[in-house]
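Please look over the sequence and the model before reading on.

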Amino acid sequence: MATGGAVRWEPSLLFRPSTGGGDRHTRYATEGGPSLTPLDPMTSRRPAAEAASGYDAGAFSHHMTGEQSRLRALEKLWDPFTEHSLRRAGVPAAARCLEVGAGAGSVARMLARICPGGHVTATDIDTRFFAELAAEERVTVLSHDVTQDGFPAGSFEVVHARMVLCHLSCPERVLAAMSQWLVPGGLLLVEDLDLAPADASPHPVMRRGLHVAEQTLEASQGSDLRLGRRLQALVTDAGFDLGGMAVQPVLIGDGGPADEFWRLSFAQLHEFQARNSSPLAGELDAAMSLIDRPDFTDIGMHAVSVWGRKPGGPLSDPLA
């Protein structure tokens, strides 16, 4: 168990030990952690540089003002849906879990609670917003770029990723890698949004604001905010046996948690646009001001959750 700030070293979760050289090393987020050589998820070789579609330099980079607050708002909005999906999917109580793109850390905490006899590895390209989890029992914090860094085959019983695939230029390749990291019968659960409801919005101001948000994220970091619509096909094409799918409309303007999420998202996108002297910043301001009008309610997006099993054998001890 991890105590006093130290993280338990789980060899089954690690890469090949470092052999030196000047490459960037993936490491645990505590002092004294092992030095590890990043591996290509598909070939176990260090690939050519391929940052996660420019995410770390985009409009939702961890370096942007307010990003931690925006991620906290996303957690408040999406966590109940995520927990419901995880429980429906059947997570073993003693599973080794991988949380990819842990953001501000709430799902890693959730998995540790759902799996009281298991272990959670929480990863992100930037761990600053959940680094404190390294002091908790049964949780490992790992700096990790899912497009470059691998795990040994069969390291986990459960892999979860929320709002990760939509920001990658290679979701198919990453899903194939996740399949390798799972044991036979292992559970994959991925979640993303679908912004298609914006096209049919009866509010032109909000419609334009959401489209500007979509265009800004696509241009700045290669994001696809409609990936949720094809998430099921991506999972089955990667070879997983489909377990289930859930879709939840997300309202704006009803006083719920989505209001704060979109306020912070529009504000952050405005800041990014303003830095680049874009005239589109005004469209984002107009959409943000619409949220608090008493006569406004709209469907901003769909939250999509898809889960499946790696072929080869069922897991035991599922939680209902």
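**Briefing on a predicted model**

Arg138 sits in the loop that runs between strand E4 (119–124) and strand E5 (139–143). The model is a predicted one. Its secondary structure consists of seven helices and nine strands. Of the 320 residues in the protein, 54% count as buried.

**Overall figures**

- The protein has an accessible surface of about 12800 Å², and carbon and sulfur atoms account for 54% of that surface.
- Take the contacts between residues at least 6 apart in sequence: 75% of them join residues at least 24 apart.

**The sheet**

- Seven strands form an open sheet with mixed pairing, in the order E5-E4-E3-E6-E7-E9-E8.
- The edges are taken by E5 and strand E8 (241–252); each has a single partner strand, so one side of each has no neighbour in the sheet.
- On average, neighbouring strands of this sheet are turned by 15° against each other, with direction ignored.
- E4 and E5 run parallel and are joined by five bridges.
- Within this pairing, Thr123 has Leu142 in E5 as its bridge partner.
- Helix H6 (residues 257–275) packs on the sheet, where it touches E8 and strand E9 (298–309). The direction of H6 makes about 80° with that of E8.

**Helix H2**

- How many of the nine residues of helix H2 (residues 106–114) are buried? Seven of them are, so H2 is largely enclosed by the rest of the structure.
- The buried residues in H2 are Ser106, Val107, Ala108, Met110, Leu111, Ala112 and Ile114.
- The cover over these buried residues includes helix H1 (67–89) and strand E3 (96–100), along with E4, E5 and E6.
- As background, an α-helix has 3.6 residues a turn, so residues three or four places apart point the same way.

**Aromatic rings**

- A pair of aromatic rings is described by two values, the distance of the centres and the angle of the planes.
- Counting pairs whose ring centres lie within 6.5 Å, the model has four aromatic pairs.
- One of them is Phe151 with Trp181: the ring centres are 5.2 Å apart and the planes stand at 80°, so the pair is edge-to-face. The cut-off for that label is an angle over 60 degrees.
- Phe151 belongs to the loop between E5 and E6, while Trp181 belongs to helix H3, so this pair ties together parts that are 30 residues apart in sequence.
- Phe151 and Trp181 are both buried.
- Phe261 and Trp262 have ring centres 5.3 Å apart and planes at 70°, so this pair is edge-to-face too.
- Phe261 and Trp262 are buried as well.
- Phe151, Phe156 and Trp181 are linked into a cluster by ring pairs.

- Met163 is located in the loop between strand E6 (156–162) and helix H3 (171–181).
- Is Met163 buried or exposed? Its relative accessibility is 14%, and the cut-off for buried is under 20%, so Met163 counts as buried.

Definitions and conventions: Residues numbered from 1 in each chain as written. Predicted model: local features only at pLDDT ≥ 70, side-chain atom pairs only at ≥ 80, totals over all residues. Heavy atoms only, no water. Helix = DSSP H or I, 4+ residues; strand = E, 2+ residues; numbered from the N terminus. Buried < 20%, exposed > 50% of the residue type's maximum accessible area, 1.4 Å probe, protein only. Phe/Tyr/Trp six-rings, centres within 6.5 Å; stacked < 30°, edge-to-face > 60°. Pairing = 2+ DSSP bridges. Axes fitted to C-alpha atoms, helices over the stretch in contact; angles between N-to-C directions. Contact = heavy atoms within 4.5 Å. Areas by Shrake-Rupley, 256 points an atom, 1.4 Å probe, with all protein chains shown as cover.
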